[in-house]
Amino acid sequence: MKKLFLLTCISLCMACGSDYLPKPKGFNRIDLPEREFEKLAENFPYSFEHSAHSLVESDEFNPDQEAWINLNYQDMEAKVHLTYKPIDGQEERLKSYLSDAINLTSKHQVKAYGIDESVLRTPKGYTGVVAELSGEVPTQFQFFVTDSTQHFLRGALYFNVAHKNDSLAPVIEYIKVDMMHLMNTLEFKQ
């Protein structure tokens, strides 16, 4: 009886194999809404089409700048900060605004793996520069658009969450497409 009990225990121990495989690391699923755009309703020195999934808010940190707004993607915990500055035909102002925009982007070189910049021409004939930053930086997408004589609009994407940017990649790409649509529908008012 003891031999049978011992043989049964040994058989049970040997039957439990070590075929355990750890599960790969997963990320939360991000469901992105269908694209839908609407015209900017407020009276600003510019107009454009923005995502219907973003709320237009005034910039609470700069209440004296009425043309500075945020596009708040509440469901994605992201904001696109838009700053507008008039040039009024003054070349020195334009140079200053361009210098500021370039300096604000280059401040991220410390943490960025790379900064990919490209120049574009909008359907209205405006010139724009898009900067896409990779790495663990606070802003992954920045741009500015100008008509070179009267108007200058700058935008930057920020997130209100502390996730790694690779986890946010689908949301970043989604908002980048929205921002490209914004730039292509941008119209400065005379």
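**Strand β10 and its neighbours**

In this predicted model, strand β6 (residues 78-86) and β10 run antiparallel and are joined by nine bridges. Helices (H or I, at least four residues) and strands (E, at least two) are DSSP runs, numbered from the N terminus, and two strands pair if DSSP finds at least two bridges between them. Within this pair, T83 has R154 of β10 as its bridge partner.

Strand β9 (residues 141-146) also runs antiparallel to β10, with five bridges between them. Here T146 is partnered with F152 in β10. Four residues lie between the strands in the hairpin of β9 and β10, where S148 takes a positive phi near 75 degrees.

How many of the nine residues of strand β10 are buried? Eight are, so β10 (residues 151-159) is mostly covered, where buried means under 20% relative accessible area, with a 1.4 Å probe and protein chains only.

Now take the whole chain. Of its 190 residues, 37% are buried. The protein chain has three helices and eleven strands, in the order α-β-β-β-β-β-β-α-β-β-β-β-α-β along the sequence. Among contacts (heavy atoms within 4.5 Å) with a separation of 6 or more, 50% involve residues 24 or more positions apart.

Residues are numbered from 1 along each chain as its sequence is written, and side-chain values use heavy atoms, leaving out hydrogens and water. Local features need pLDDT of at least 70, side-chain atom pairs count only at pLDDT 80 or more, and totals for chains, interfaces and linings use all residues.

Technical notes:
Buried < 20%, exposed > 50% of the residue type's maximum accessible area, 1.4 Å probe, protein only.
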